[in-house]
Amino acid sequence: MLMLLSAIELSLIDWSRAQFALTACYHWLFVPLTLGLAVVMGIMETLYVVRKDPFWKRAARFWMKLFGINFAVGVATGLILEFQFGTNWSNYSWFVGDIFGAPLAIEGIIAFFMEATFIAVMFFGWNKVSRGFHLTATWLTGVGATFSAWWILVANSWMQHPVGMQFNPDTVRNEMMDFFAVAFSPVAVVKFCHTVFSGWLTGAVFVVGVSCWFLLRRREQPLAKASLRVGTIVGLVASVGVLATGDSSALDVARYQPMKLAAMEGLERGGERAPFSVVPGVEVPGALSILATHDVDGYVPGIRDLIDGYARPAGDGHLLAGEKVTPDGIVYLSAEEKMRRGRVALEAFRTYRNDTVPAANRAEARQRLMDNMEYFGYGYLPSPERLVPPVGLTYWAFRVMVGGGMFLLAVLAVLLWAERRGRLEAWRWLLHLGLWSIAVVYVAGQAGWIVAEVGRQPWAIQDLLPVEAAVSFLDPAAVQTTFFIFLTLFTVLLVAELRILCRAIKKGPEA
């Protein structure tokens, strides 16, 4: 990790990031549908057990079949994603593997165990176990998938907001000091809830869309209407959850990743009563301050403020990551100063690790390193502008995410109202809208992850390790080759799943 960064070709970093992003984007096509369908089929089987009505058993088995098709492909892409931490990001894995590896190991041992155990009972135990036991297995399959998401999101949240660790210069590793601080970080809790609710929304919209297709074809109308009713209710509950947790997530981003928030808004210069940009040229005065601080007078820094540094009066109670309280007010260091202190930390680290240096000098270097450790990652950056993520992509992805979510909320509400009033057959345009909502929910979900991951660049770990220092030292040609191999493989898997899903939907539920 301590090799000169000039030895790393930029193409290696870009291709490594592209390969990881490719795998993550494909993986996220399957995970939310797994989470959402688990809830829908659990509700339907519960209705079957409570009412003893075979209609609900038939409905549950239909959606369960689609769940199984999606689940199998999702597991394959998830495993490849985890292996890439060791192949493409070995310096990252070495630097923080003691912390990052723990939630992933728990996810593999416990969550996969739950899923593998109960999914077999769910699929093959209909006539072999009691109704209650089978229902329990169905819900525990969903709990296992959700539990798996919890530990993965704990790991991801720690990258966004590293806590509970301490750097050991003797091993060149960050070591976990507080497991519960990592596992139950407020950022992790909010991120988990927001992601799971978005998964429920994806599954619900998928059920609604398929139900609309059946109604448009005038097939399986009782099952389609019942599924649409369950899907819209689950989707509306999930939409409210997404909105609530999205608000909390905005507070976390403003506090711990102010540059990401500035990029999301394309905000060059901030301040109090910061405006929210609906689209370029259309702003709502003070709305961004409310979103970021829950105070119309709250201070929100812009991109240039964070690069150049700033000072503001103390007393508003809203302290951002990186701000220091001084007798004269609140100060945020410039990028140049952080980079200077980062280089001091790196030089002190090299001195400490040099066995030929006298012990007294090494002890002094260690202290200098620990005094500047919070700026360690900045020492790798070539220029202050490197701290600015891709603004255009982050800005528009955020608006696609929010706009898509509001669209889905409106469509689900109208569909539920129309179903209750018996107007679905008359409003075929609404059924078409429900069908195409499947595409909207996937685009919105992908946009959300673009905001989360692109918006925190250049950091592999926020303020601690940039991607330049996290990447493995590989031949760029090798990464390019595997990128196109994965692109081909994942595309084939996606096409195969879509064909199998469409075939299963066209066939319909079993008689």
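Two residues are in contact when they have heavy atoms within 4.5 Å of each other. With that in hand, welcome to this predicted model, in which local features need pLDDT of at least 70, side-chain atom pairs count only at pLDDT 80 or more, and totals for chains, interfaces and linings use all residues. Residues are numbered from 1 along each chain as its sequence is written, and side-chain values use heavy atoms, with hydrogens and water left out.

View 1. Helices (H or I, at least four residues) and strands (E, at least two) are DSSP runs, numbered from the N terminus. Of the contacts between residues at least 6 apart in sequence, 77% join residues at least 24 apart. Buried residues make up 52% of the 511; buried means under 20% relative accessible area, exposed over 50%, and partly exposed in between (1.4 Å probe, protein chains only).

**View 2. Helix α17, residues 476–507.** At 1.5 Å a residue, the 32 residues of this helix should span 46 Å, and its end C-alpha atoms are 46 Å apart, which agrees. The expected span is 1.5 Å times one less than the number of residues. Among the buried residues of α17 are Val479, Phe483, Phe486 and Phe490. An α-helix has 3.6 residues a turn, so residues three or four places apart point the same way.

**View 3. Ile99 in helix α4, residues 90–124.** Is Ile99 buried or exposed? With a relative accessible area of 1%, Ile99 is buried. Leaving out residues up to four places away in sequence, Ile99 touches Trp158, Met165, Asn174, Glu175, Met176 and Val182. For a sense of scale, look across to Arg499: Ile99 and Arg499 are 400 residues apart in sequence and 40 Å apart in space, C-alpha to C-alpha.

**View 4. His161, in the loop between α5 (131–160) and β1 (165–168).** His161 has a relative accessible area of 18% and is buried. Which residues is His161 in contact with, leaving aside its neighbours within four places in sequence? They are Ser185, Val187 and Tyr256.
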